[in-house]
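Please read the following walk through a structure, which goes from single residues to the chain as a whole.

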Amino acid sequence: MLSTDALCVWCVGAVLGWLPIPLMNANLDVLFHTHIPVKMQGRVYATRNSLQFFTIHLGISLVARS
């Protein structure tokens with residue numbers, strides 16, 4: 001069981017880990033909009049989102065087994 005101090009550290013770490021995500025996504029969106037043809041953008045975004053959300057669950061599963 002985690003102590004209260006350890007839980008606070010994990011919570012702060014989680015928040016700090018999620019803070020830069022909008023900045024990274026904004027940069028990636030600009031690259032996608034400028035370099036990928038409009039007709040292909042839907043497929044590219046769908047593929048990116050599928051891989052992105054799959055790897056989140058894969059990472060949680062791998063950490064949970066450690």
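Gln41 counts as buried because its relative accessibility is 12%; buried means under 20% relative accessible area, exposed over 50%, and partly exposed in between (1.4 Å probe, protein chains only). Gln41 lies in helix 3. Leaving aside neighbours within four places in sequence, Gln41 is in contact with Phe32, His33 and Ile36, where contact means heavy atoms within 4.5 Å.

The model is predicted: local features need pLDDT of at least 70, side-chain atom pairs count only at pLDDT 80 or more, and totals for chains, interfaces and linings use all residues. Residues are numbered from 1 along each chain as its sequence is written, and side-chain values use heavy atoms, with hydrogens and water left out.

Helix 3 also holds Arg48. Arg48 is buried because its relative accessible area is 18%. When residues up to four places away in sequence are not counted, Arg48 touches Asn25, Leu28, Asp29 and Phe32. With Asn49, the side chain of Arg48 makes a side-chain polar contact at 3.3 Å. A polar contact is a pair of N or O atoms within 3.5 Å; within protein, one must be able to donate a hydrogen and the other to accept it, and residues adjacent in sequence count only if both atoms are side-chain atoms.

How many salt bridges does the structure hold? There is 1, a salt bridge being a side-chain nitrogen of Lys or Arg within 4 Å of a carboxyl oxygen of Asp or Glu. The side chains of Arg48 and Asp29 meet in a salt bridge, at 3.3 Å from N to O. This pair links distant parts of the chain, with Arg48 in helix 3 (residues 38-65) and Asp29 in helix 2, 19 residues apart. Asp29 counts as partly exposed because its relative accessibility is 25%.

Leu19 is found in the loop between helix 1 (4-18) and helix 2 (21-35). Leu19 counts as exposed because its relative accessibility is 56%. Together with Val12, Val15 and Leu16, Leu19 forms a nonpolar patch on the surface, with about 390 Å² of accessible area in total. Patches are made of residues with over 30% relative accessible area and no salt bridge: like charges are joined within 9 Å, nonpolar side chains (Val, Leu, Ile, Met, Phe, Trp, Tyr) within 5 Å. Accessible areas come from the Shrake-Rupley method with a 1.4 Å probe; for residues, only the protein chains shown count as cover.

Now the whole chain. The protein has 3 helices and 0 strands, given as DSSP runs (helices H or I, at least four residues; strands E, at least two) numbered from the N terminus. Of the 66 residues, 8% count as buried. The accessible surface of the protein comes to about 5800 Å², and carbon and sulfur atoms account for 75% of that area. The radius of gyration is 17 Å, whereas a compact globule of 66 residues would have one near 11 Å. That radius is taken over C-alpha atoms, and the globule rule is 2.2 Å times the number of residues to the power 0.38. Along the principal axes, the C-alpha atoms fill a box of roughly 50 × 25 × 10 Å.
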